[in-house]
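Below is a short briefing on a two-chain model. Keep the structure open while reading.

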Protein chains: 2
Amino acid sequence: MLPRFASAWVKDWRSYLSDSGEFVQSLERGLAVIRAFTRERPQLTLTDAAAATGLTRATARRFLMTLASLGYATTDGKHWRLTARVLDLGHSYLASLGLPEIVVDHLDRVAQAVHESASAAVLDGDDIVYVARVESRKIMRVQITVGTRFPAYVTSMGRVLLADLDPSAAERILRASDRRSLTTHTTTEVSELMSELSRVREAGFSLVDQELEMGLRSLAVPVRDGSGRVVAAINVSTTAAGAPGETLESVLPALLAAQSNIEAELASLVR
Amino acid sequence: MLPRFASAWVKDWRSYLSDSGEFVQSLERGLAVIRAFTRERPQLTLTDAAAATGLTRATARRFLMTLASLGYATTDGKHWRLTARVLDLGHSYLASLGLPEIVVDHLDRVAQAVHESASAAVLDGDDIVYVARVESRKIMRVQITVGTRFPAYVTSMGRVLLADLDPSAAERILRASDRRSLTTHTTTEVSELMSELSRVREAGFSLVDQELEMGLRSLAVPVRDGSGRVVAAINVSTTAAGAPGETLESVLPALLAAQSNIEAELASLVR
């Protein structure tokens with residue numbers, strides 16, 4: 001059985017570590033250099049890298065050359081790019097999580113049953129992060145991959161995950177979230193969101209109707225391990241064509257079946 | 001148009017950087033700590049982390065605490081785990097690559113047409129690394145996700161990618177590979193593999209029959225960008241039930257259609 005892990009008390013480590021000289025600033029900087037590469041900036045010059053990270057050009061160069069010598073970056077002498085080796089880092093997390101391997105077959109069955117995409121996500125701060133996804137055959141769809149993030153407060157999986165937390169912890173996260181009206185339907189008031197979390201906790205599912213994006217509806221249920229702890233949320237996202245009740249009727253049974261099968265598999269892993 | 005990136009001349013950077021004091025050892029160590037977490041070791045004590053990385057316990061502790069203060073790790077006071085934030089690093093690479101977003105719809109169509117899993121991979125050293133994958137509905141299947149690696153010499157996508165290299169570069173990679181007889185069908189001789197790469201180059205596809213795993217057959221074609229450079233390989237893996245010719249007949253047309261559609265889309269991106 002895995003123990004619960006708390007992140008609250010590591011928040012002040014940064015200042016403690018800095019004061020005691022134990023904070024490894026070079027690691028922070030190196031990870032920032034990796035994160036400087038994006039869809040919009042797939043390759044960087046030293047000047048770009050320096051601007052994106054706030055480092056000097058000379059420092060950015062040391063980090064990029066170190067990344068290159070370790071196989072994480074490559075260059076033509078002027079432009080720098082990341083290499084596929086960077087994927088190993090995310091893979092370390094996914095492999096250590098173990099979860100995606102277990103859920104993907106079940107998500108596949110859900111996607112096949114309801115002809116919509118099915119996903120699994122975990123909570124990270126005030127975001128949800130996708131850890132598994134099976135695409136439906138439909139053409140119209142949001143571009144989501146493993147590692148994609150959305151704000152927890154406005155997503156069905158986020159609300160399921162927040163609903164499992166101690167209410168005071170959930171409220172702290174909601175207050176700290178950058179809550180915006182992404183559509184005219186978005187709930188942004190903390191008190192309303194807290195009431196919604198109570199409803200989700202009681203009902204055992206969350207239905208979010210066009211709060212993240214107009215035309216998009218999403219239904220999520222929690223997945224618990226053998227100890228009863230919620231380890232992930234699974235969901236189906238669909239168009240908001242019919243009434244919300246129709247989505248519930250057509251999608252909830254498949255999600256609940258997957259939930260029960262995944263939980264049985266997780267429970268069998270408890271040693 | 002992206003320039004070609006060479007990795008050959010960064011090989012000796014490590015010693016150059018070390019000699020000049022420019023190598024950022026803390027970054028190397030921090031990345032090694034992240035990689036110490038695996039499926040078999042999803043959580044580590046300080047002693048575990050020290051043993052896995054060759055660092056002292058005190059040093060491993062500094063790195064884990066730094067990772068925790070940056071949100072990449074968490075602890076219950078004794079055991080340490082990675083968090084979903086680590087996925088952001090791999091996501092930086094995938095986003096900067098751009099490719100997976102373009103290929104996934106086409107792979108989806110291939111998987112649907114042939115009822116088998118379809119994938120895309122790039123070369124990294126002597127490995128291929130999966131950058132996109134669409135699973136088939138079949139039950140029996142290898143557990144492969146984005147970031148999974150296989151040796152290039154023994155895979156259809158690897159041979160397609162090696163065949164695009166300058167033959168001397170391909171031979172250097174083959175010689176450096178840990179070539180093993182994974183099945184009784186595996187080709188391990190460099191000279192035979194070089195002849196096979198010539199055939200692949202001429203034919204425009206690679207068919208690998210039970211060399212990686214008995215019962216598994218795989219067919220791959222290259223994908224070129226607007227400059228004619230091979231940017232990825234796409235493949236279909238299937239059971240080796242019928243004769244290899246049957247696989248070719250049933251799978252190659254769908255792969256060639258996807259190749260041509262992806263290449264048209266990549267060409268339209270050239271500014």
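A:Asp88 counts as buried, at 10% relative accessibility, under the 20% limit. This is a predicted model. A:Asp88 pairs with B:Arg35 in a salt bridge, with the closest N and O atoms 2.9 Å apart.

- Side chains of opposite charge can pair when their charged atoms come close.

**The interface of chain B and chain A**

- The size of an interface is often given as the accessible area lost when the parts come together.
- Here chain B and chain A bury about 7,700 Å² between them. Carbon and sulfur atoms account for 60% of that area.
- Chain B brings 83 residues to the contact, and chain A brings 83 residues.
- Six salt bridges are found across the interface of chain B and chain A.
- The interface also holds 10 residue pairs in polar contact, with both residues at pLDDT 80 or more.
- Which element gives the most to the side of chain B that touches chain A? Helix H5 (residues 87–97) of chain B does, with 11 residues.
- That side of chain B divides into 39 nonpolar, 24 polar and 20 charged residues.

**Other salt bridges**

- The count over all chains comes to 22 salt bridges.
- B:Arg61 and A:Glu22 form one of them, with the closest N and O atoms 3.6 Å apart.
- B:Arg61 lies in helix H4 (residues 57–69) of chain B, and A:Glu22 lies in the loop between helix H1 (13–19) and helix H2 (25–35) of chain A, so this pair joins two chains.
- B:Arg61 is partly exposed, with a relative accessible area of 30%. A:Glu22 counts as buried, at 18% relative accessibility.
- B:Asp178 and B:Arg180 meet through their side chains in a salt bridge, at 2.7 Å from N to O. B:Asp178 is partly exposed, at 49% relative accessibility.
- A network of salt bridges links A:Arg35, A:Asp124, A:Asp127, A:Arg149 and B:Asp88.

**Aromatic pairs**

- Over all chains, the count comes to two aromatic pairs.
- A:Tyr130 and A:Phe150 form an edge-to-face pair. Their centres lie 6.1 Å apart, with 75° between the planes.
- Why does this pair tie together parts that are 20 residues apart in sequence? The reason is that A:Tyr130 lies in strand S4 (residues 127–134) of chain A, while A:Phe150 lies in strand S5 (residues 149–151) of chain A.
- Both A:Tyr130 and A:Phe150 are buried.
- B:Tyr130 and B:Phe150 have ring centres 6.1 Å apart and planes at 75°, over the 60 degrees required, so this pair is edge-to-face.
- The pair of B:Tyr130 and B:Phe150 links distant parts of the chain, 20 residues apart. B:Tyr130 is in strand S4 (residues 127–134) of chain B, and B:Phe150 is in strand S5 (residues 149–151) of chain B.
- B:Tyr130 counts as buried, at 5% relative accessibility. B:Phe150 is buried with a relative accessible area of 18%.

**Chain A as a whole**

- Chain A has 10 helices and eight strands.
- The C-alpha trace of chain A spans about 60 × 45 × 45 Å along its principal axes.
- Chain A has 271 residues, of which 52% count as buried.
- Among contacts in chain A with a separation of 6 or more, 56% come from residues 24 or more positions apart.

**A:Ser237**

- A:Ser237 lies in strand S8 (residues 230–239) of chain A.
- Is A:Ser237 buried or exposed? A:Ser237 is buried, because its relative accessible area of 17% falls under 20%.
- Leaving aside residues up to four places away in sequence, A:Ser237 touches A:Glu116, A:Ser117, A:Arg133, A:Leu216, A:Arg217 and A:Ser218.

Key: Residues are numbered from 1 along each chain as its sequence is written. Chains are lettered from A and ligands numbered from 1 in the order in which they are written. This is a predicted model: local features need pLDDT of at least 70, side-chain atom pairs count only at pLDDT 80 or more; totals for chains, interfaces and linings use all residues. Side-chain values use heavy atoms; hydrogens and water are left out. Contact means heavy atoms within 4.5 Å. Buried area is the accessible area (1.4 Å probe) that two parts lose on being put together, summed over both. A salt bridge is a side-chain nitrogen of Lys or Arg within 4 Å of a carboxyl oxygen of Asp or Glu. A polar contact is a pair of N or O atoms within 3.5 Å; within protein, one must be able to donate a hydrogen and the other to accept it, and residues adjacent in sequence count only if both atoms are side-chain atoms. Helices (H or I, at least four residues) and strands (E, at least two) are DSSP runs, numbered from the N terminus. Ala, Val, Leu, Ile, Met, Phe, Trp, Tyr, Cys and Pro count as nonpolar, Asp, Glu, Lys and Arg as charged, and the others, Gly among them, as polar. Rings of Phe, Tyr and Trp (its six-membered ring) pair if their centres lie within 6.5 Å; planes under 30 degrees apart count as stacked, over 60 as edge-to-face and the rest as tilted. Buried means under 20% relative accessible area, exposed over 50%, partly exposed in between (1.4 Å probe, protein chains only).
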